[in-house]
Amino acid sequence: MTPLQVFGIDTLGSSVLALIVPFVIVLFGTYLGVLGALQTFFGESSWQDVSTVEEE
């Protein structure tokens, strides 16, 4: 028995987890990176704040 079968996880479920978990981690990391860039370069917390400052 493979370790995944011992815990009751089938191969389809483990394949889905192997694809979804890294995607969510990358998505969250990208969000934090963009938020950090906004605060560092523009001193704002959203793109809407940046765009309204540039228009004025």
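Me: Why is Ile20 called partly exposed?
Reply: Its relative accessibility is 46%. Buried means under 20% relative accessible area, exposed means over 50%, and partly exposed lies in between (1.4 Å probe, protein chains only). So Ile20 counts as partly exposed at 46%. This is a predicted model, where local features need pLDDT of at least 70, side-chain atom pairs count only at pLDDT 80 or more, and totals for chains, interfaces and linings use all residues. Residues are numbered from 1 along each chain as its sequence is written, and side-chain values use heavy atoms, with hydrogens and water left out.

Me: What makes α2 a helix, and which residues does helix α2 cover?
Reply: Helices are DSSP runs of H or I with at least four residues; strands are runs of E with at least two; numbering starts at the N terminus. Helix α2 covers residues 11-42, and Ile20 is found there. The chain has three helices and zero strands.

Me: How do you know that the span of α2 is close to the expected one?
Reply: The expected span is 1.5 Å times one less than the number of residues. α2 has 32 residues, and 46 Å is expected. From first C-alpha to last, α2 reaches 46 Å.

Me: Which element has the highest mean pLDDT, and which the lowest?
Reply: pLDDT is the predictor's confidence in each residue, from 0 to 100. Among the elements of the chain, α2 has the highest mean, 85. Helix α1 (residues 3-6) has the lowest, 59. The chain averages 75. Where pLDDT is low, the predicted coordinates should not be read in detail.

Me: How many residues does the chain have, and what percentage count as buried?
Reply: The chain has 56 residues, and 5% count as buried.
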